[in-house]
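The sequence and the structure come first.

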Amino acid sequence: MKVMALCSLLPYIISLYLLFFCFHVSTSKVISRFPASIIRHPEQLSLVPNGVTSYKTKYFTQTLDHFNFNPQSYETFQQRYLINAKYWGGAPRNAPIFVYTGNEGDIEWFAQNTGFMYEVAPKFKALLVFIEHRFYGKSVPYGDDKKIAYKNASTQGYLSSTQALADYATLILDLKRNLSAFDSPVVVFGGSYGGMLAAWFRLKYPHVAIGALASSSPILNFEGLTSPYSFNNIITKDFKGESKNCYKVIKASWTQIQETALQPGGLEKLRSSFRLCKSNSFTADVLAAWLHSAYIYTAMTDYPTPSNFISPLPAYPVRQMCKAIDDPKLGSDTFAKLHGAMIVYYNYSGTVQCFDLDSHSDKHGVDEWTWQACTEMVLPTDGNSKESIFPASAYNYSIRDAYCKNLFDIDPRPHWITTEFGGRDIKRVLRRYGSNIIFFNGLRDPWSGGGVLKNISDTIIAIVAKHGAHHVDLRFSTKEDPEWLREVRRSEVQIINGWLGQYYLDLAEF
């Protein structure tokens, strides 16, 4: 893995959900870690009871290249999908099929964290299908040989959003044929990058899916559409809204970390203050990157109930971080305050003896997002204003360009997504030819700045939750869910019910 001393790439190449790279950590010296998992400890996939997310694992022989007719285009690979038919009403009744459009990672991770689909399946008598994204999990071409599949651009070039969407269409149609479910309507669901895919799938394959629930899908988070300062502005607002002192402590800490590191014995003081495992590669930049990652993902997953999606976290983790920082017992010890905040994100389970900053394990199989971030998923989110909780920095596309050329010997295509799927003047365009899409966004989620926040038409609906976080609507419900979250889910169910009702009327008429 090549390493370059470049400025931050983390914020604008995070996916979603989830995601995982290098950091702007000072105004003077920067270290890249691209990619690197943010998970530093063993993690369970979910907090749901055994059996709730039961499914059968199946494989589909998928075409490598849907868009060319070269000899290699006809090569195939085994694409994994998960299926749950417990509540399905069956093909004779034209019962619906609910499909999750897989994200950048192991599909079981998403299947076990998308409780909404399981919970609404009985009402709709729906078949549930979770399709894994090509090049992730166990759906890796070239005989599941990652050394070959990830070798260079000639093989990785088959990893793209358009190929993934074509995979989903091909698999869904084949599944319907095998089940003799030709008239069973399909609704697609997705969160984060998966939500982007769900929305784009509805637009590109309206004959396959009658509707899409696109949760926390930043389809407008591309150059020229959304400010590159939006992402970090929202994170800043999240922390500042909980506690101005918390915000001030974090904001001032970056300089303190750098200054301490330059002092005799300074690195050892930092290592000791944060209870870090011993490392020969430890620097102030590595520490700052570790802190930076925690603030970002805590803001993204600032759920109103305990969760275990990216890390085990308490309810309202931003609030809990700020409580640790504001603890009066710690006086003016900034590093002790930050250590307390890091325990919330990295060690809420209480099982970690020391924090290993050298660990770059990829527990959810998301490494290949690096390729996507360097080709078409160019999401500019690394700008920081003077008021940002992070060090001030201007957005600079040339950094991404140089990094990707060095790593893959390719040129990113920052405008390809908006060329392929649109985005500019989205209301004027989609109100004339798009329909049946729900865009959910929680305003505490930093990705909401690139989301659809207003209704586009009577059938392309934006549901916005002031206190919502990253695709919180798709999570399993709990008794502790606030009323606003219950109302969001009721609205989504009502809208989907309307789509299906109209479909069955059309089916009877035509």
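## Cys-246 and Cys-322

In this predicted model, Cys-322 has a relative accessibility of 2% and therefore counts as buried, the cut-off being under 20%. Its partner is Cys-246, with an S to S distance of 2.2 Å. Cys-246 is buried as well, at a relative accessible area of 0%.

The link of Cys-246 and Cys-322 is left-handed, with -70° about the S-S bond. It connects distant parts of the chain: Cys-246 sits in helix H10 (residues 244–262) and Cys-322 in helix H13 (residues 317–325), 76 residues apart.

## Cys-277 and Cys-354

The sulfur atoms of Cys-277 and Cys-354 are 1.9 Å apart and form a disulfide. The torsion about this S-S bond is about 95°, so the link is right-handed. Cys-277 belongs to the loop between helix H11 (266–273) and helix H12 (284–300), and Cys-354 to the loop between helix H14 (334–346) and helix H15 (369–375), so the bond ties together parts 77 residues apart in sequence.

Cys-277 is buried, with a relative accessible area of 18%, whereas Cys-354 is partly exposed at 33% relative accessibility.

## Cys-374 and Cys-404

A disulfide also joins Cys-374 to Cys-404, with 2.0 Å from S to S. This link is left-handed, at -75° about the S-S bond. Cys-374 is in helix H15 and Cys-404 in helix H16 (residues 397–408), 30 residues apart. Cys-374 is buried at 0% relative accessibility, and Cys-404 is buried at 0%.

## Overall pairing

The count comes to 3 disulfides. With the bonded cysteines numbered in sequence order, the pairing is 1-3, 2-4, 5-6.

Technical notes:
Residues are numbered from 1 along each chain as its sequence is written. This is a predicted model: local features need pLDDT of at least 70, side-chain atom pairs count only at pLDDT 80 or more; totals for chains, interfaces and linings use all residues. Side-chain values use heavy atoms; hydrogens and water are left out. A disulfide is a pair of cysteine sulfur atoms within 2.5 Å. Helices (H or I, at least four residues) and strands (E, at least two) are DSSP runs, numbered from the N terminus. Buried means under 20% relative accessible area, exposed over 50%, partly exposed in between (1.4 Å probe, protein chains only).
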